[in-house]
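Here's a quick tour of the ligand sites and the ring packing in this one. Have the viewer open and follow along.

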Amino acid sequence: MKGTSNTFNAFSSLIIIIIMTFLGLCLVARSQLTADFYVKTCPNVAKIVRRGVQSAMRNEMRMGGSLIRLHFHDCFVNGCDASLLLDGSGGEKFAAPNLNSARGFEVIDAIKSSVESECSGVVSCADILAIAARDSVVLSGGPTWKVLLGRRDGLVANQAGANSSLPSPFDTLEVIINKFVNVGLNVTDVVSLSGSHTFGFARCATFSNRLFNFNQTGSQDVTLESTMASELQRLCPQVNGDVNKIAPLDRNSVDLFDNHYFKNLIDNKGLLGSDQILYSSETAATTTRSLVEIYSNDVNLFFTDFVNSMIKMADISPLTGSAGEIRKNCRVAN
Ligand code: HEM
Ligand SMILES: *[C@@H]1O[C@H](CO)[C@@H](O)[C@H](O)[C@H]1NC(C)=O
Ligand SMILES: *[C@@H]1O[C@H](CO)[C@@H](O)[C@H](O)[C@H]1NC(C)=O
Ligand SMILES: *[C@@H]1O[C@H](CO)[C@@H](O)[C@H](O)[C@H]1NC(C)=O
């Protein structure tokens, strides 16, 4: 009897250890960020950020798009650690995808200084970017969500990482999908997050390759609608053009966060090559095309998926606990 009981005890202890280990692994794998991270230490942080984004967008509606893009370009390089915001010649700001392109740094500075004057040394620049990204969507008519918080700021920038990890408008769909997979995102995230191109603008430099001699064909990209192509050719002439002239990413509802971006793709009216290939490329047929069609018909599903993908993107390798620091000035490590 005693023997059986001992065996039973050993067996049940083993089971308990296995269960605890499994639960522990689940906890480690799950995000350490929380929605109420600043509830005690900076209870008004959400209001302060909202006010800053609102005032910037009142001044220039486009700033909404610019701010969400800062968060995206931050998260894809060294995780969401505000590394993009660091000044200096080796900074991510000078990497190819950001140079003459990433904007809104002064808006983040202004918000950071308002936050510092209410609760000094408490709120990270990485968290401010995440809240500002959400607010820019809400203030443009898109969905809202609870932003998970508790990120800390990185100490170094990674210019080489910004050059190689950020998707380019000239990438193939395979390459874009790979760049998302490399940071833990999937095909659904590629399509839903590309829906951010429902607002904001792009420079001629990023799409003029489609207008005159696309892929050495001697003519425009056949997946670009011809009236739109003519307009863009006038904006971005082949000779003596200004590569910094801009066109709206969603010409149908320029500043509004809606699902018109996806309807555009079905009409061959995507602005960037990287937009149109989500619908038109051969790879799209087995990966992204069906989702483009679904989102174009169902704004609610687009919003639901977009929110889930934003939360996933905002959780790429955050620094937590005592890693990194809370920067005083978003442009320099303390
Ligand atoms: C899927 C791969 C993506 C590619 C290849 C891409 C590429 C680009 C390019 C080339 C521009 C124009 C930049 C310029 O003119 O200098 C742009 C703008 C923009 N992108 Fe993306 N992007 C991608 C995904 C995303 C994601 C995931 C988001 C947000 C979550 C995003 C948000 C934006 C916004 C809002 C703008 C307009 C910014 C402004 O007006 O200042 N993009 N993107
Ligand atoms: C990143 O790209 C830019 C622009 O093409 C280039 O000047 C810079 O040297 C690159 N940086 C690194 C570290 O590869
Ligand atoms: C992408 O990941 C989400 C969960 O994060 C999941 O619901 C979705 O089905 C995945 N999509 C694909 C195409 O694997
Ligand atoms: C460009 O042309 C090459 C060779 O003709 C072809 O294999 C490739 O698919 C084309 N790329 C695009 C984006 O049309």
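This is a predicted model: local features need pLDDT of at least 70, side-chain atom pairs count only at pLDDT 80 or more; totals for chains, interfaces and linings use all residues.

An oxygen atom of ligand 3 comes to 2.8 Å from an N or O atom in the side chain of lysine 312. The protein covers 35% of the 360 Å² of accessible area that ligand 3 has on its own. Besides Lys312, the residues around ligand 3 are Asn186 and Thr188.

Ligand 2 has its own set of neighbours: Ala96, Gln159, Ala160 and Asn163. Here the protein covers 41% of the 370 Å² of accessible area that ligand 2 has on its own.

| Side chain | Ligand atom | Distance |
|---|---|---|
| Lysine 312 | oxygen, ligand 3 | 2.8 Å |

Which protein atom is a donor to the iron atom of ligand 1? It's NE2 of His197, at 2.1 Å, and that's the only protein donor the iron has. Histidine 197 sits in the loop between H8 and E1.

On to the rings, where the count comes to 14 aromatic pairs. Take phenylalanine 199 and phenylalanine 257: their ring centres are 5.4 Å apart and their planes stand at 90°, so the pair is edge-to-face. This pair ties together distant parts of the chain, 58 residues apart. Phenylalanine 199 is in the loop between helix H8 (187–194) and strand E1 (201–203), and phenylalanine 257 is in the loop between strand E2 (246–248) and helix H10 (260–266). Phenylalanine 199 and phenylalanine 257 are both buried. They also belong to one aromatic cluster, whose other members are Trp145, Tyr261, Phe262, Tyr295, Phe302, Phe303 and Phe306.

Finally, a couple of charges over rings. The charged end of lysine 93 sits over the ring of phenylalanine 105, 4.3 Å from its centre. Arginine 289 lies over the face of tyrosine 279, and there the distance to the ring centre is 5.7 Å.

Conventions. Residues are numbered from 1 along each chain as its sequence is written. Chains are lettered from A and ligands numbered from 1 in the order in which they are written. Side-chain values use heavy atoms; hydrogens and water are left out. Rings of Phe, Tyr and Trp (its six-membered ring) pair if their centres lie within 6.5 Å; planes under 30 degrees apart count as stacked, over 60 as edge-to-face and the rest as tilted. Helices (H or I, at least four residues) and strands (E, at least two) are DSSP runs, numbered from the N terminus. Buried means under 20% relative accessible area, exposed over 50%, partly exposed in between (1.4 Å probe, protein chains only). A charge sits over a ring if NZ of Lys or CZ of Arg is within 6 Å of the ring centre and within 35 degrees of the ring normal. A residue is near a molecule or strand if one of its heavy atoms lies within 4 Å of it. A polar contact is a pair of N or O atoms within 3.5 Å; within protein, one must be able to donate a hydrogen and the other to accept it, and residues adjacent in sequence count only if both atoms are side-chain atoms. Accessible areas come from the Shrake-Rupley method with a 1.4 Å probe; for residues, only the protein chains shown count as cover. Donors are N, O and S atoms within 2.8 Å of the metal (3.2 Å for Na, K and Ca); water is not among the atoms, so sites may look incomplete.
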